[in-house]
Amino acid sequence: MSHRITLEGGGGFDVSAGEDTLLRGALRAGVGFPYDCSVGGCGSCRFDLVSGEMETLWEEAPGLSERDRRRGKRLACQSRPRSDCTIKVRPGEEYRPPVPPRRMTAVLVARRAVTASMAEFVFRTAEPAHFIAGQYAVFRPPGAQGARAYSMSNLPNAEGEWRFVIRRVPGGRGSNAMFDALAIGDTLDIDGPYGHAHFRADAPRDVVCIAGGSGIGPVVSVAQAVVARAAAETSPGRRLFVFEGARTRGDLCFPALMGAAQEGVTAYTPVLSAEAEGSGWDGVRGFVHEEVERAVGAHADQAEFYFAGPPPMTEALQKLLIVKWTVPIAHIHFDRFF
Ligand SMILES: Cc1cc2nc3c(=O)[nH]c(=O)nc-3n(C[C@H](O)[C@H](O)[C@H](O)COP(=O)(O)OP(=O)(O)OC[C@H]3O[C@@H](n4cnc5c(N)ncnc54)[C@H](O)[C@@H]3O)c2cc1C
Ligand code: FES
């Protein structure tokens with residue numbers, strides 16, 4: 001059974017009654033429904049319900065402001081159709097999924113600590129792991145309400161291997177469940193790929209990757225894709241500059257996650273914001289966006305930027321790149337980790 005969703009401006013799509021959300025139903029049907037985080041944080045998937053019945057999954061989702069709520073706005077990633085509906089939204093070609101998202105059963109085959117608070121999770125699916133480096137998948141961690149997004153930290157592959165670097169957030173229900181309620185051999189549904197901050201293989205510019213905290217996963221994936229691409233090209237490849245922002249030296253993990261591919265990185269700059277004075281650290285201190293400003297400066301117009309991390313970091317970088325340096329929006333790709 002499915003529900004027909006009619007778009008007020010013309011067109012429509014069917015959402016199967018077993019579908020998690022209106023957003024995922026739309027994207028699975030190949031519709032370019034605007035979205036960003038998939039988990040209620042950003043507000044990009046706002047729409048108006050014109051007629052029909054729609055269930056709201058998370059009433060307090062921060063992606064809607066009080067003003068949005070007063071105006072009757074809804075979030076497609078927190079709505080589930082209960083009947084045929086007519087909605088108002090403007091789809092965009094840029095939101096159409098480049099790889100069709102699927103829901104798959106995955107087995108947790110390994111988990112290894114990469115820092116005191118982060119671990120790399122390795123899942124296997126029967127199907128190949130189809131995604132573009134930099135994308136994410138959506139999970140329902142056991143016992144937690146709602147969905148959580150986690151970015152792949154490896155490259156797409158035929159073997160069905162999906163890697164994620166997950167940070168245990170103090171007091172966080174979903175991330176703690178991933179560490180404590182999931183044993184090796186357990187299965188979990190994963191749904192993906194989603195996200196727009198993926199590697200643009202056809203862009204010829206140098207690549208600047210910036211990670212804050214657990215934003216390291218998609219940065220490792222994009223960096224590996226750049227290195228793999230360079231190895232396959234006969235002409236000199238793009239240069240690859242990586243900045244990793246962390247609190248202390250023990251929180252850094254980019255080189256360990258890259259393994260042998262680290263040799264293909266032109267320059268790697270770790271930046272520490274809370275390393276103790278006198279610890280022997282003679283590298284860069286401060287916030288990662290400050291070091292990007294200092295080090296990239298004059299070359300910003302020759303680069304493609306990829307970044308992921310907490311909203312304060314992504315906002316600082318947006319200000320720097322878009323407002324101060326006027327880098328074209330098409331050269332900037334990022335995920336905010338709500
Ligand atoms: C695109 C994207 C990619 C991400 N990639 C990574 C990654 O690679 N590694 C990583 O460690 N983290 C990543 N995150 C962050 C991750 O999804 C979680 O927000 C983080 O793990 C904290 O979750 P928690 O359950 O521990 O904390 P909590 O505070 O319990 O929950 C945080 C998030 O869960 C959702 N949520 C909470 N309550 C509800 C509810 N009642 N109903 C529905 N949803 C709810 C909301 O999105 C909220 O922001 C990513 C986030 C996004 C948006
Ligand atoms: S995509 Fe729905 S709130 Fe972010």
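Predicted model: local features only at pLDDT ≥ 70, side-chain atom pairs only at ≥ 80, totals over all residues.
Residues are numbered from 1 along each chain as its sequence is written, chains are lettered from A and ligands numbered from 1 in the order in which they are written, and side-chain values use heavy atoms, with hydrogens and water left out.

The chain falls into domain 1 (2-95), domain 2 (102-194) and domain 3 (206-336), with bounds taken from an automatic or database domain assignment. Taken over C-alpha atoms, the centres of domain 1 and domain 3 are 33 Å apart.

Ligand 1 is surrounded by 23 residues, of which the closest are Arg148, Ala149, Gly174, Ser175 and Phe338; a residue is near a molecule if one of its heavy atoms lies within 4 Å of it. Domain 1 and domain 2 each contribute at least three residues to this shell. Among secondary-structure elements (DSSP runs numbered from the N terminus, with helices H or I of at least four residues and strands E of at least two), β11 (148-151), β12 (161-167) and α3 (173-180) each supply at least two residues of the shell. The largest share, four residues, comes from β11. By class, the shell has twelve nonpolar, seven polar and four charged residues; here Ala, Val, Leu, Ile, Met, Phe, Trp, Tyr, Cys and Pro count as nonpolar, Asp, Glu, Lys and Arg as charged, and the others, Gly among them, as polar.

Several atoms of the protein approach oxygen atoms of ligand 1. A polar side-chain atom of Arg148 lies 2.5 Å from one such oxygen atom, and a polar side-chain atom of Ser175 also lies 2.5 Å from an oxygen atom of ligand 1. At Ser151 a polar backbone atom is 3.0 Å from an oxygen atom of the ligand. Taken alone, ligand 1 exposes 950 Å², and the protein buries 88% of that; accessible areas come from the Shrake-Rupley method with a 1.4 Å probe.

On a 1 Å grid over the protein atoms alone, a cavity is a set of points where a 1.4 Å probe fits but cannot get out, a pocket is an open set with protein on both sides within 12 Å along at least five of seven lines, and lining residues have an atom within 4 Å of a point. Grid points are joined across faces, edges and corners, and a volume is the space filled by probe spheres set on the points. The structure holds one cavity of 30 Å³ or more, and the largest cavity contains about 60 Å³ of space. Its lining includes Gly134, Tyr306 and Asp335, and α4 (216-232), β18 (303-309) and β19 (332-336) each supply at least two of the lining residues.

The second largest pocket has a volume of about 310 Å³. Domain 1 and domain 3 both give residues to its lining, so this pocket lies between them. Tyr35, Glu94, Arg200 and Phe334 are among the lining residues, which divide into five nonpolar, three polar and four charged.

Two backbone features remain. Most residues other than glycine have a negative phi, and most peptide bonds are trans. Gly192 and Pro193, however, are joined by a cis peptide bond with omega about 5°, and Pro193 lies in strand β13 (residues 187-194). Ser38 has a positive phi, near 75°, and is found in the loop between α1 (22-28) and β3 (46-51).

Definitions and conventions
Polar contact = N/O pair within 3.5 Å; in protein donor to acceptor, adjacent residues only side chain to side chain.
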